[in-house]
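Biologist: Please take me through this chain and say which criterion stands behind each label.

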Amino acid sequence: SAAGGGGAAAVSMGNAPSSPAAAWGKGGYQAVRMPVKLWGRGDCVAASEDGHTLVCCGSGDTDDGTAELQVSVYTSTGSLRCRLGEIEEHRHARGVRCVAIDGDAVASGSEDDTIRLWSLSSGECTGVLTGHTLEVWALAMRGDLVVSGSRDQTVRWWSRQTKQCSRVGQGHASTINGLALGDGIAISASTDGSARVWLSAE
């Protein structure tokens, strides 16, 4: 159902918005209900680049104590696509607190101090990244690169393929609960009130 000014505004070529921000300003709003309780305290929702897939921490229709150990995947219309972590041996040991998506790959960070990698097409866990010493509260993913932030005050760079950590960034004085990736750059945000910019060596 459309709300907030109706459906998406049509923009003619002759009246194209002057910037991406202007395009968003002319957009509409569509309410999509996803029956999920968001358990995350960090980046607890993520969307695919094409906007067709939404990923979030938790599962809203189970009360058996496993809801916060799972990741729910929806289409942009709100239909449940799958749940990651339904199989006990694949799920996190403690609650999922952040997620990221890139193509067929999903990453989830948890209070069990680990990051799990998932395949959307198979629904299986494809690897576990270990190295953080406290809860993982922030994730970003692009191609082979996974970047994570933790309550241990570090940022870590990982290879999806090798599952190895290639860099540990230090400097924050508190939990890292936000991450963003660009070309050759990563930005971390922390509850210490600061953001840090990290550059690639290449």
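Predicted model: local features only at pLDDT ≥ 70, side-chain atom pairs only at ≥ 80, totals over all residues.

Biologist: What makes strand 13 and strand 14 a pair?

Modeller: Two strands pair if DSSP finds at least two bridges between them. Strand 13 and strand 14 (residues 165-169) have 4 bridges, in the antiparallel sense. They form a hairpin with 5 residues between them, and Lys 163 in the turn has a positive phi of about 65°.

Biologist: How many bridges join strand 12 to strand 13?

Modeller: 5 bridges join strand 12 (residues 145-150) to strand 13, and the two run antiparallel. Gly 149 has Val 155 in strand 13 as its bridge partner. This hairpin has 4 residues between its strands, with Gln 153 in the turn at a positive phi of about 75°.

Biologist: What counts as a strand or a helix here?

Modeller: Both are DSSP runs numbered from the N terminus: helices are H or I, at least four residues, and strands are E, at least two. By that rule the chain comes to 1 helix and 17 strands.

Biologist: Why is strand 13 called largely enclosed?

Modeller: Buried means under 20% relative accessible area (exposed is over 50%, partly exposed in between; 1.4 Å probe, protein chains only). In strand 13 (residues 155-159), 5 of the 5 residues are buried, so the strand is largely enclosed by the rest of the structure. Val 155, Trp 157 and Ser 159 lie on one side, Arg 156 and Trp 158 on the other, and both faces are covered. Of the 202 residues of the chain, 41% count as buried.

Biologist: What makes a set of residues a nonpolar core?

Modeller: Its members are buried Ala, Val, Leu, Ile, Met, Phe, Trp, Tyr and Cys residues joined through side-chain atoms within 4.5 Å. The largest has 14 residues, of which Val 55, Leu 84, Val 99 and Val 106 touch the most other members. Strand 7 (96-102) is among the elements that give two or more residues to this core, and strand 7 gives the most, with 3 residues. A second, separate core of 12 residues includes Ala 105, Ala 107, Val 146 and Trp 158.

Key. Residues numbered from 1 in each chain as written. Heavy atoms only, no water.
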